[in-house]
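Biologist: I am new to this structure and would be grateful for a close look at a single part of it. Please set that part in its wider context as well.

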Amino acid sequence: MTVRVNRLNDEGGIIINYRIAFSALGSLFFLMGGFLVIAAFMANSAPLSETYTILSMSVMAFCLSYLYPQFVQKDERMQLIRQKGMFFTFFAFLFYSFTLNLLVEFEVVQLTASEAINILTALMISTLFTSWVFLSRRY
């Protein structure tokens, strides 16, 4: 079942389909991230740490394209989904931070502070929006 939500802007003339816009942005971010991963692979090096953030923004945009019709509604169900998603993301972030800290401390991986922050940011964005999708399907 597809729900289509169209909105008029303040001038009342242009119709914007937000689901298509989010899907287009997700595709754009995915192509940009894919290009950076392929370029790093061809250069025989690790991808730039910003690549992970770009790919997580792709996940965010695709999740928003699915969630937009439900997020427009300001009901108790959406409030519950947002709260539980933030709750799960908090514990996932603690796990990510602990794991990354152990990997750096025991010198399993060599990361700079900015790389670690970019990786944690990407994981947090992806975890939050995918948890919202899973919770919206459950409730």
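In which helix does Gln-70 lie?

Modeller: Gln-70 lies in helix 2. Please note that the model is a predicted one. The protein chain contains 4 helices and 2 strands, and from the N terminus on its elements follow the order β-β-α-α-α-α. Of its 139 residues, 30% are buried.

Gln-70 belongs to the buried group because its relative accessible area is 17%, and the cut-off for that group is under 20%. Leaving out residues up to four places away in sequence, Gln-70 touches Arg-77, Met-78 and Ser-136. With Ser-136 the separation along the chain is 66 residues, whereas the distance in space, C-alpha to C-alpha, is 8.3 Å.

Helix 2 (49-72), helix 3 (76-105) and helix 4 (113-138) are the elements that give two or more residues to the largest nonpolar core. This core has 13 residues, and those with the most contacts inside it are Leu-64, Leu-67, Phe-71, Ile-81, Phe-129 and Trp-132. In soluble globular proteins, nonpolar side chains tend to be buried together.

Ser-49 counts as buried because its relative accessible area is 8%, below the 20% cut-off. Apart from neighbours within four places in sequence, Ser-49 is in contact with Ser-114, Glu-115 and Asn-118. With Asn-118 there is a polar contact of 2.9 Å between the two side chains.

Thr-89 has its place in helix 3 and is counted as buried because its relative accessibility is 6%. Not counting residues up to four places away in sequence, Thr-89 touches Met-124, Thr-127, Leu-128 and Ser-131.

The loops give a contrasting view. Asn-44 is found in the loop between helix 1 (18-42) and helix 2. At 74% relative accessibility, Asn-44 is exposed, and it has a positive phi of about 60 degrees although it is not a glycine. Most residues other than glycine have a negative phi. Glu-107, in the loop between helix 3 and helix 4, likewise has a positive phi, of about 55 degrees, without being a glycine. Glu-107 counts as exposed because its relative accessibility is 60%, and the cut-off for exposed is over 50%.

Val-108 is placed in the loop between helix 3 and helix 4 and is exposed, with a relative accessible area of 58%. Val-108 takes part in a nonpolar surface patch of about 620 Å², made together with Phe-98, Leu-102, Leu-103, Val-104, Phe-106 and Val-109. For the chain as a whole, the accessible surface comes to about 9,500 Å², and 69% of it belongs to carbon and sulfur atoms.

Conventions
Residues numbered from 1 in each chain as written. Predicted model: local features only at pLDDT ≥ 70, side-chain atom pairs only at ≥ 80, totals over all residues. Heavy atoms only, no water. Core = buried A, V, L, I, M, F, W, Y, C linked by side-chain atoms within 4.5 Å. Buried < 20%, exposed > 50% of the residue type's maximum accessible area, 1.4 Å probe, protein only. Polar contact = N/O pair within 3.5 Å; in protein donor to acceptor, adjacent residues only side chain to side chain. Contact = heavy atoms within 4.5 Å. Patch = residues over 30% accessible without salt bridge, like charges linked within 9 Å, V, L, I, M, F, W, Y side chains within 5 Å. Areas by Shrake-Rupley, 256 points an atom, 1.4 Å probe, with all protein chains shown as cover. Salt bridge = Lys/Arg side-chain N within 4 Å of Asp/Glu carboxyl O.
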